[in-house]
Amino acid sequence: MAGVSRCMKYSMFIFNFLFWVCGCIILGISIWIRVSGAQQGVDSSILAGVNLLIAVGAIIMILGFLGCCGAVKESRCMLMLFFIALLLILILQVTGGVLGAVYKPQVEKIFNYTLNESVHALQSTTGEYKEYQEEFQKLEKKYQCCGLQNGPEDWGENFDKQKDICQCELEKPSEVCMNYKNRYIYRKSCGELIMQQIKNHLVIIMGIAFGLAVVEILGLVFSMTLYCQIGRK
């Protein structure tokens, strides 16, 4: 062990074990966000950042294992691979954050286009989108919302034909329900709730990304320090 600090060696091992656990958590949370977003009808292009986090979580698990082995076996090759891969991930994260900020207007444009297409499907009376309309009604009941952008107006003629569309079970004015055309319907639009869900998810994603960046920088310092100590042994 001459030339290699036991403290640094085992600190590197503990760090990478925690790094591996962190990867498991990121992967699990990202998959949960991806699945819940898909169930709410959010377009896949909006969830591109979540897909990236799923990939990052899986890679971090592999890197954590690689770092643990490199520290225990004092393998300079493994430590260098760990350092390079971690540096690349950090660069990709920074790049992804910059691109997210730059292309924010385009993302909003895609989201609005998706909403407009969905509204068109709700207003269809040809039966072509019947299955989608039925699934959307289930979503309305589950989240107590109506329509996507303009409430019952998004259903067009279908709202007058089907009395159960947006039907509120309370049947009295409240924070959830309102009276519209002598019917009690849900007050909030589903688009509003979807946007709130996206914002909540983005806060989680940004928090994970920031915390991950700090951990990655520490990992770079630990791995390179141990790499140099092993080289001087």
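This is a predicted model: local features need pLDDT of at least 70, side-chain atom pairs count only at pLDDT 80 or more; totals for chains, interfaces and linings use all residues.

Colleague: How many disulfides does a search of the whole structure find?

Modeller: It finds three. A disulfide is a covalent bond between the sulfur atoms of two cysteines.

Colleague: Which parts does the pair Cys 145 and Cys 190 tie together?

Modeller: Cys 145 and Cys 190 form a disulfide with their sulfur atoms 2.0 Å apart. Cys 145 is in the loop between helix 5 and helix 6, and Cys 190 is in helix 7, so the link ties together parts that are 45 residues apart in sequence.

Colleague: Are Cys 145 and Cys 190 buried or exposed?

Modeller: Cys 145 is buried, and Cys 190 is buried too.

Colleague: What is Cys 146 joined to?

Modeller: A disulfide joins Cys 146 to Cys 166, with 2.1 Å from S to S. Cys 146 lies in the loop between helix 5 and helix 6, while Cys 166 lies in the loop between helix 6 and strand 1, so this pair ties together parts 20 residues apart in sequence.

Colleague: Why is that disulfide, Cys 146 with Cys 166, called right-handed?

Modeller: Because the torsion about its S-S bond is about 80 degrees.

Colleague: Where are the sulfur atoms of Cys 168 and Cys 177, how far apart?

Modeller: They are 1.5 Å apart, and the two cysteines form a disulfide. Cys 168 is buried, with a relative accessible area of 2%, and Cys 177 counts as buried at 0% relative accessibility.

Colleague: What is the pairing if you number the bonded cysteines in sequence order?

Modeller: The pairing is 1-6, 2-3, 4-5. Cys 24 is in no disulfide, and the nearest cysteine sulfur, that of Cys 22, is 9.2 Å away.

Colleague: New topic. At what angle do helix 4 and helix 5 pack?

Modeller: The angle is about 105 degrees, with the axes 9 Å apart. That makes helix 4 roughly perpendicular to helix 5.

Colleague: Which residues meet there, between helix 4 and helix 5?

Modeller: Ser 118, Ala 121 and Leu 122 of helix 4 meet Tyr 132, Gln 133 and Phe 136 of helix 5. By class, this contact has four nonpolar, two polar and no charged residues.

Colleague: And what about helix 3 and helix 4?

Modeller: Helix 3 and helix 4 pack at about 65 degrees, with their axes 4 Å apart. Gly 100, Ala 101 and Val 102 of helix 3 make the contact with Lys 104, Pro 105 and Gln 106 of helix 4.

Conventions:
Residues are numbered from 1 along each chain as its sequence is written. Side-chain values use heavy atoms; hydrogens and water are left out. Axes are lines fitted to C-alpha atoms, for helices over the stretch in contact, and angles run from 0 to 180 degrees between N-to-C directions. Helices (H or I, at least four residues) and strands (E, at least two) are DSSP runs, numbered from the N terminus. Angles under 35 degrees count as roughly parallel, over 145 as roughly antiparallel, 65 to 115 as roughly perpendicular and the rest as oblique. Contact means heavy atoms within 4.5 Å. Ala, Val, Leu, Ile, Met, Phe, Trp, Tyr, Cys and Pro count as nonpolar, Asp, Glu, Lys and Arg as charged, and the others, Gly among them, as polar. A disulfide is a pair of cysteine sulfur atoms within 2.5 Å. Buried means under 20% relative accessible area, exposed over 50%, partly exposed in between (1.4 Å probe, protein chains only).
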